[in-house]
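Subject: Structure handover

Hello,

Here is the structure I promised to pass on. Please open it first, then read the notes below.

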There are 2 protein chains.
Amino acid sequence: MQLLHDAHLKITDARKIALHYLEKEARPVDAEEILEHLRKHKLATDRATVYRMIETFLEKDIINRFEFGEGKFRYELSGSDHHHLVCEHCGRIEDISDCGIEEWEKVVKKKKGFIIKHHSLEFFGMCRSCQR
Amino acid sequence: MQLLHDAHLKITDARKIALHYLEKEARPVDAEEILEHLRKHKLATDRATVYRMIETFLEKDIINRFEFGEGKFRYELSGSDHHHLVCEHCGRIEDISDCGIEEWEKVVKKKKGFIIKHHSLEFFGMCRSCQR
DNA sequence: TTACTTGCAAAGGCTTTGCATCGCC
DNA sequence: GGCGATGCAAAGCCTTTGCAAGTAA
C-alpha cells in the first residue's frame, strides 16, 4: 500500500488489512473493532500488535484519534478537518465538515493570546432515523 | 450546602469538601485530584467513594464530564455553555464561552436532520505564558 | 543481514462493583 | 430506624511494556 510505503513502514498483512478496514468503514473505529476485523481475516493478531500499529499510524499521521465520552479512543483515517454527529440512540457516527474554526482562531488569539494548534468538536443528539 | 440539599442528597463531609474544591478550582479536575484534596482535609476517603460521588453528581447535573485526550475524564461544576483552551505545554485549562452553537444547530438540523442535544468543543494549543 | 514487527505474558491506569458497615435525616 | 453513603477488596476495561522470536526489505 502506498500509504505504508510513503511512511517508510514495512508492509505487513495486519497493517494492510487494518488500513483497508479503516478506509472502508470511514467512521471512527476502536481498537477492538480493528482486532475483530483482523481475526475475521484469519489473522491471529494480538491485541498488543493492534495498539502498536495504532501508535505508529498516529505518529505518521495516517490516522487521527477521537473521543466520544466512552472512556476509550476511536481512530479514523486522516483527512480534511471534520467533526462528528454521534447519535445517542443508535450509536451511529456521521462525519460533518467545515466547522468555521478560522473565526475562532482569530478571536481566541486576540482575546486570550492562545494559539490554537488543533481542536475537537463533536455533537451528540439524535439522528434522523432514530427520530421516527 | 444548598446544592446537595436541593438535589435530595445527604450532606456528608466528603461531598461538602469535594464540591467546595470544584467551586474553588473552576477548571476540569479529575477523580484523583478530588481524592487528593479530600485526603489533605484529613478525610480517609476511598477512591470508590469519589467515583460514586462523581456518578451521583453527574446524575443530578451538579457537574459535567469532559475529555481532553488523556484517557481519563475530568469534571467541572455545571454552569453556562462553555469550552476549554488546553495548553499542551503547561497543561493549564482555561474556560472560554459562547461558541455560537446555535448556528450549528440550525444548519445540522436542516442538512442532516440531526437534532443536537449537546456537544463538546475543546481547543488545544499554547497559552500566552508558554509562548514566551 | 538487520532493523523493524509481532506474539505472549504481564502489568499499569482509570473506573466499577459486591458486600458489610456506618451515619445522615 | 431506615435508607442512602462509605470503606475495603476485588475485578473489569482499555492500553502499555518487556522480551524473545519472526520477518520484510
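One definition before the rest: a crossing of two helices is left-handed if the near helix is turned anticlockwise from the far one by less than a right angle, and right-handed if clockwise. Helices (H or I, at least four residues) and strands (E, at least two) are DSSP runs, numbered from the N terminus.

This is a predicted model, in which local features need pLDDT of at least 70, side-chain atom pairs count only at pLDDT 80 or more, and totals for chains, interfaces and linings use all residues. Residues are numbered from 1 along each chain as its sequence is written, chains are lettered from A and ligands numbered from 1 in the order in which they are written, and side-chain values use heavy atoms, with hydrogens and water left out.

**Chain A overall**

Chain A has five helices and five strands. Along the sequence they run α-α-α-α-β-β-β-β-α-β. Along the principal axes, the C-alpha atoms of chain A fill a box of roughly 50 × 45 × 25 Å. Of the 132 residues in chain A, 44% are buried. Buried means under 20% relative accessible area, exposed over 50%, and partly exposed in between (1.4 Å probe, protein chains only). Contact means heavy atoms within 4.5 Å. Take the contacts in chain A between residues at least 6 apart in sequence: 42% of them join residues at least 24 apart.

**Helix α2 of chain A**

Helix α2 of chain A covers residues 13–25, which is 13 residues. The expected span of a helix is 1.5 Å times one less than its number of residues. For α2(A) that gives 18 Å, and the end C-alpha atoms are 18 Å apart, so the two agree.

Which residues of α2(A) are buried? They are A:Ala14, A:Arg15, A:Ile17, A:Ala18, A:Leu19, A:Tyr21 and A:Leu22. An α-helix has 3.6 residues a turn, so residues three or four places apart point the same way. The buried residues of α2(A) pack against α1 (2–6), α3 (31–40), α4 (47–59), β1 (63–67) and β2 (73–77) of chain A.

**α2 against α4, in both chains**

In chain A, α2 and α4 pack at an angle of about 70°, with their axes 11 Å apart. Axes are lines fitted to C-alpha atoms, for helices over the stretch in contact, and angles run from 0 to 180 degrees between N-to-C directions. Angles under 35 degrees count as roughly parallel, over 145 as roughly antiparallel, 65 to 115 as roughly perpendicular and the rest as oblique. α2(A) and α4(A) are therefore roughly perpendicular to each other. The crossing of α2(A) past α4(A) is right-handed.

A:Ala14, A:Arg15, A:Ala18 and A:Leu19 of α2(A) meet A:Met53, A:Thr56 and A:Phe57 of α4(A). By class, this contact has five nonpolar, one polar and one charged residues. Ala, Val, Leu, Ile, Met, Phe, Trp, Tyr, Cys and Pro count as nonpolar, Asp, Glu, Lys and Arg as charged, and the others, Gly among them, as polar.

Now chain B. The axes of α2(B), residues 13–25, and α4(B), residues 47–59, come within 11 Å and cross at roughly 70°. α2(B) and α4(B) are therefore roughly perpendicular to each other. α2(B) passes α4(B) in a right-handed crossing. B:Ala14, B:Arg15, B:Ala18 and B:Leu19 come from α2(B), and B:Met53, B:Thr56 and B:Phe57 from α4(B). These residues divide into five nonpolar, one polar and one charged.

**Positive phi**

Most residues other than glycine have a negative phi, and most peptide bonds are trans. A:Ala26, which follows α2(A), has a positive phi, near 50°. Phi of B:Ala26 is also positive, near 50°. B:Ala26 is in the loop between α2 and α3 (31–40) of chain B. At 48% relative accessibility, B:Ala26 counts as partly exposed. A:Asp61 has a positive phi of about 60°. A:Asp61 lies in the loop between α4 and β1 of chain A. Its relative accessibility is 53%, so A:Asp61 counts as exposed.

A:His37 is in helix α3 of chain A. At 11% relative accessibility, A:His37 counts as buried. Leaving aside neighbours within four places in sequence, A:His37 is in contact with A:Ile17, A:Tyr21 and A:Lys24.

A:Gly113 sits in the loop between α5 (101–112) and β5 (115–126) of chain A. At 8% relative accessibility, A:Gly113 counts as buried. Beyond neighbours within four places in sequence, A:Gly113 is in contact with A:Val108, B:Met126, B:Cys127, B:Arg128 and B:Gln131.

Best wishes
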